[in-house]
Amino acid sequence: MSLMMITYLRDFLCRVSEVKDILTQRGTKFKFADSKSKSSYSEEDLITSVKKLSKLGSGFRTIKVGRVILIVSVPEELDDDHMQILNLAEDDGYGPYGMVTIEDMSRALGWDNERSNRAFELLLGKGMVWLDVHRGEKKYWFPSLWKQGSTTSTLNKQ
């Protein structure tokens, strides 16, 4: 499975650590010019690879969201509002890790419903976030953050 396919399957956002785990599980080997080992690679090697892909105009790039580095494969540019939503979803102080509501954004960012909905339009349209409506309450979930959140929560409980 190529990096492009992994990212496509993960709704255009994927943690660098998850890509590394998938490639390691598959036994995928690369030879990086500056790697000491020809059969293993670091997350930094993957970040460097994504940077090289981005120069080809492929839409691939990395972004830092809180403690997580994500690979983005959408040619759209994420603006400051989108980044604030991602950072809020990454902050598990507002509810389940990887999820935000319009109310969270109002409380944490002081946004009105119109601004929140406008910011979610692109994220929903590009499949970066999933909308769950239960009993009239809208919850926006970022699948690319789920595994990291469960790992962090497990570590914090030990």
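Helix α5 gives way to Gly-110, a residue with a positive phi, near 75°. In this predicted model, the helix itself spans residues 102-109, and its buried residues are Ile-102, Asp-104 and Met-105. These three cover an arc of only 155° around the axis, so they sit on the same side of α5. As a reminder, an α-helix has 3.6 residues a turn, so residues three or four places apart point the same way. The packing partners of the buried α5 residues are α4 (80-90), β4 (99-100), α6 and β6.

One aromatic pair turns up in a search of the whole structure. It is formed by Phe-120 and Tyr-140, whose ring centres are 3.6 Å apart; with the planes at 10°, the pair is stacked, because planes under 30 degrees apart count as such. Phe-120 belongs to helix α6 (residues 113-125) and Tyr-140 to strand β6 (residues 137-141), so the pair ties together parts that are 20 residues apart in sequence.

The average pLDDT of the protein is 76, and 74% of the residues score at least 70. For residues 4-11 the pLDDT is below 50, and this stretch has 19 contacts in the model beyond near neighbours in sequence. Residues 148-158 also have a pLDDT below 50, with seven contacts beyond near neighbours in sequence.

Technical notes
Residues numbered from 1 in each chain as written. Predicted model: local features only at pLDDT ≥ 70, side-chain atom pairs only at ≥ 80, totals over all residues. Heavy atoms only, no water. Phe/Tyr/Trp six-rings, centres within 6.5 Å; stacked < 30°, edge-to-face > 60°. Helix = DSSP H or I, 4+ residues; strand = E, 2+ residues; numbered from the N terminus. Buried < 20%, exposed > 50% of the residue type's maximum accessible area, 1.4 Å probe, protein only. Arc of directions from axis to C-beta. Contact = heavy atoms within 4.5 Å. pLDDT = per-residue confidence, 0-100.
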